[in-house]
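Subject: Structure handover

Hi,

Here is the structure I promised to pass on. Please open it next to this email and follow along.

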Amino acid sequence: MADKLIVRVQRCEGPGQPSRWEEFHVEHRPNANVISVLMQIQRNPVTADGKTTTPPAWDAACLEEVCGSCTMVINGRVRQACSALIDHLSQPITLQPMQKFPLVRDLTVDRQKMFDALKRVKAWVPIDGTYDLGPGPKQSPEESELRYVLSTCMTCGCCLRSARRSRRRRSSSAPPPSPRSASSIHTRPAP
């Protein structure tokens, strides 16, 4: 089965429903990502044992590791399916939904609580041209470097899976991993 991939997908019809595993055999295509593998399954939703099933549900939007909507657990690691290349994954490839969010169906979760948190703290800089924003507060190069890294957050939710582990390793001056960390650069004045 050298030209076939073994893909195990954790399936669940919805919140509170029991989950099950389904295994699929899909054609190996060099340089394919997990999204393209899911699309192959979607076109032909037949399990490895020959049973026709419903296509797995998942989210995807940008396919460029920018939006975070395709984030899922791939081989035990939370990451974006659009940038997870199958040639770099061990088999069987296991796909599960993120556990920190309410399940919608299969690999789709509801990440709305992150976006609500950003709204609650008004985590944006209003740039509508109606007033002069001025030069902004002064920042040290170290603070600027830290804040730039935080500003690259795409609100995917990966940090929520590893927050407990990261807290033990990070320095006491670094902010905790969370969607609000990125927003804090816009809401807290510089010291």
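A question to start: does Arg-105 count as buried, partly exposed or exposed? Arg-105 counts as partly exposed, because its relative accessibility is 23% and the buried class stops under 20%. Keep in mind that this is a predicted model.

**Overall layout**

The protein chain has five helices and seven strands. Along the sequence they run β-β-α-β-β-β-β-β-α-α-α-α. The chain has 191 residues, and 37% of them count as buried. Take the contacts between residues at least 6 apart in sequence: 55% of these join residues at least 24 apart.

**Salt bridges**

The whole structure holds eight salt bridges. Arg-105 takes part in one with Glu-13, where the closest N and O atoms are 3.7 Å apart. Glu-13 sits in the loop between S1 and S2, while Arg-105 is in strand S6, so this pair ties together parts 92 residues apart in sequence. Glu-13 also meets Arg-20 in a salt bridge, at 3.4 Å from N to O. Both ends of that pair are partly exposed: Arg-20 at 31% and Glu-13 at 42%.

Now look at Arg-11 and Asp-106. Their side chains form a salt bridge of 3.0 Å, N to O. Arg-11 is in strand S1 and Asp-106 is in the loop between strand S6 (103-105) and strand S7 (108-109), 95 residues apart. Arg-11 is buried, at 0% relative accessibility. Asp-106 is buried too, at 0%.

Shared partners join Arg-11, Glu-13, Arg-20, Glu-22, Arg-105 and Asp-106 into one network of salt bridges.

**Nonpolar cores**

The largest nonpolar core has 23 residues; Val-7, Val-34, Met-72, Ile-74 and Leu-95 touch the most other members. Elements giving two or more residues to this core are strand S1 (4-12), strand S2 (19-27), helix H1 (34-43), strand S3 (71-74) and strand S5 (93-96). H1 gives the most, with five residues. Another core lies apart from this one and has eight residues, including Met-98, Val-109, Met-114 and Cys-158.

**A surface patch**

Val-125, Ile-127, Tyr-131 and Leu-133 form a nonpolar patch on the surface, with about 410 Å² of accessible area together. Leu-133 lies in the loop between helix H2 (112-120) and helix H3 (141-151). Its relative accessible area is 45%, so Leu-133 is partly exposed.

Best wishes

Terms used. Residues numbered from 1 in each chain as written. Predicted model: local features only at pLDDT ≥ 70, side-chain atom pairs only at ≥ 80, totals over all residues. Heavy atoms only, no water. Helix = DSSP H or I, 4+ residues; strand = E, 2+ residues; numbered from the N terminus. Buried < 20%, exposed > 50% of the residue type's maximum accessible area, 1.4 Å probe, protein only. Contact = heavy atoms within 4.5 Å. Patch = residues over 30% accessible without salt bridge, like charges linked within 9 Å, V, L, I, M, F, W, Y side chains within 5 Å. Areas by Shrake-Rupley, 256 points an atom, 1.4 Å probe, with all protein chains shown as cover. Salt bridge = Lys/Arg side-chain N within 4 Å of Asp/Glu carboxyl O. Core = buried A, V, L, I, M, F, W, Y, C linked by side-chain atoms within 4.5 Å.
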